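Could you walk me through this chain, one residue at a time?

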Amino acid sequence: MRMKSRESLVRLKEFQVNEKRRQLQQLQMMMSEFERMTKDLESQIVVEEKKSGISDPNHFAYPTFAKAARQRADNLQVSIKELKMQEETLEMALEEMQAEYARATALEERDGGARARA
């Protein structure tokens, strides 16, 4: 009975570690995508400013598209900062889960060794 519960605990911990890794990878992919989108928007802003000859966002004739793109890029930067904070939290949680998994694995190996000697 105890052997089964240890094996189940190890499998559970392994699942939790893998799930946190997956979440972390998803978060990192999202941040990369947001960074790519920001770069695209910034290059579009430059093109619009060159077309209009106005690069001052406060100018009355500043292109509307450039204003909207600038706001979107700013919003993406805020989102990236928030995601980085989530990433740090997830990394700490992953480290904790990896430690728990290592402990559970060590217990199972210890119990397995004891059973082999018995």
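Predicted model: local features only at pLDDT ≥ 70, side-chain atom pairs only at ≥ 80, totals over all residues.

Residues are numbered from 1 along each chain as its sequence is written, and side-chain values use heavy atoms, with hydrogens and water left out.

Q: In which helix is Thr38 found, and is Thr38 buried or exposed?
A: Helices here are DSSP runs (H or I, at least four residues; strands are E, at least two), numbered from the N terminus. Thr38 belongs to helix H1, which covers residues 2-52. Buried means under 20% relative accessible area, exposed over 50%, and partly exposed in between, with a 1.4 Å probe and protein chains only. Thr38 has a relative accessibility of 2%, so the label is buried.

Q: Which residues is Thr38 in contact with, leaving aside neighbours within four places in sequence?
A: Contact means heavy atoms within 4.5 Å. With neighbours within four places in sequence left aside, the partners of Thr38 are Ala73, Leu76, Gln77 and Ile80.

Q: How many salt bridges does the count come to?
A: The rule asks for a side-chain nitrogen of Lys or Arg within 4 Å of a carboxyl oxygen of Asp or Glu. Applied here, the rule gives a count of six.

Q: What is the N to O distance in the salt bridge of Arg36 and Asp40?
A: These two residues sit four residues apart in helix H1, which means they are separated by about one helical turn. Arg36 is partly exposed at 39%, and Asp40 is partly exposed at 34%. Their side chains meet with an N to O distance of 2.6 Å.

Q: Which residue of the salt bridge between Glu48 and Lys51 is exposed?
A: The two side chains meet at 3.1 Å, N to O, and the residues are three apart in helix H1, about one helical turn. Glu48 has a relative accessible area of 17%, so Glu48 is buried. At 63% relative accessibility, the exposed residue is Lys51.

Q: How many residues apart in sequence are the parts that Glu49 and Arg70 tie together?
A: Glu49 and Arg70 form a salt bridge, with 2.7 Å between the closest N and O atoms. Because Glu49 lies in helix H1 and Arg70 in helix H2, the pair ties together parts whose separation in sequence is 21 residues.

Q: What is the nearest side chain of opposite charge to Glu87?
A: Glu87 lies in helix H2. For charges, Lys and Arg count as positive and Asp and Glu as negative, while His and the chain ends are not counted. Glu87 is buried yet has no salt bridge, and at 6.6 Å away the nearest side chain of opposite charge is Lys84.

Q: How far apart in space are Leu24 and Leu90, C-alpha to C-alpha?
A: Leu24 lies in helix H1 and is buried, with a relative accessible area of 9%. Not counting residues up to four places away in sequence, Leu24 touches Glu87, Leu90, Glu91 and Leu94. Leu24 and Leu90 are 66 residues apart in sequence, and their C-alpha separation is 6.4 Å.

Q: Which residues form the negative surface patch?
A: Patches take residues with over 30% relative accessible area and no salt bridge, joining like charges within 9 Å and nonpolar side chains (Val, Leu, Ile, Met, Phe, Trp, Tyr) within 5 Å. The place of a charge is NZ of Lys, CZ of Arg, CG of Asp or CD of Glu, and areas come from the Shrake-Rupley method with a 1.4 Å probe, where for residues only the protein chains shown count as cover. One member, Glu96, lies in helix H2, residues 64-117, and is exposed at 51%. The negative patch is made up of Glu88, Glu91, Glu95 and Glu96.
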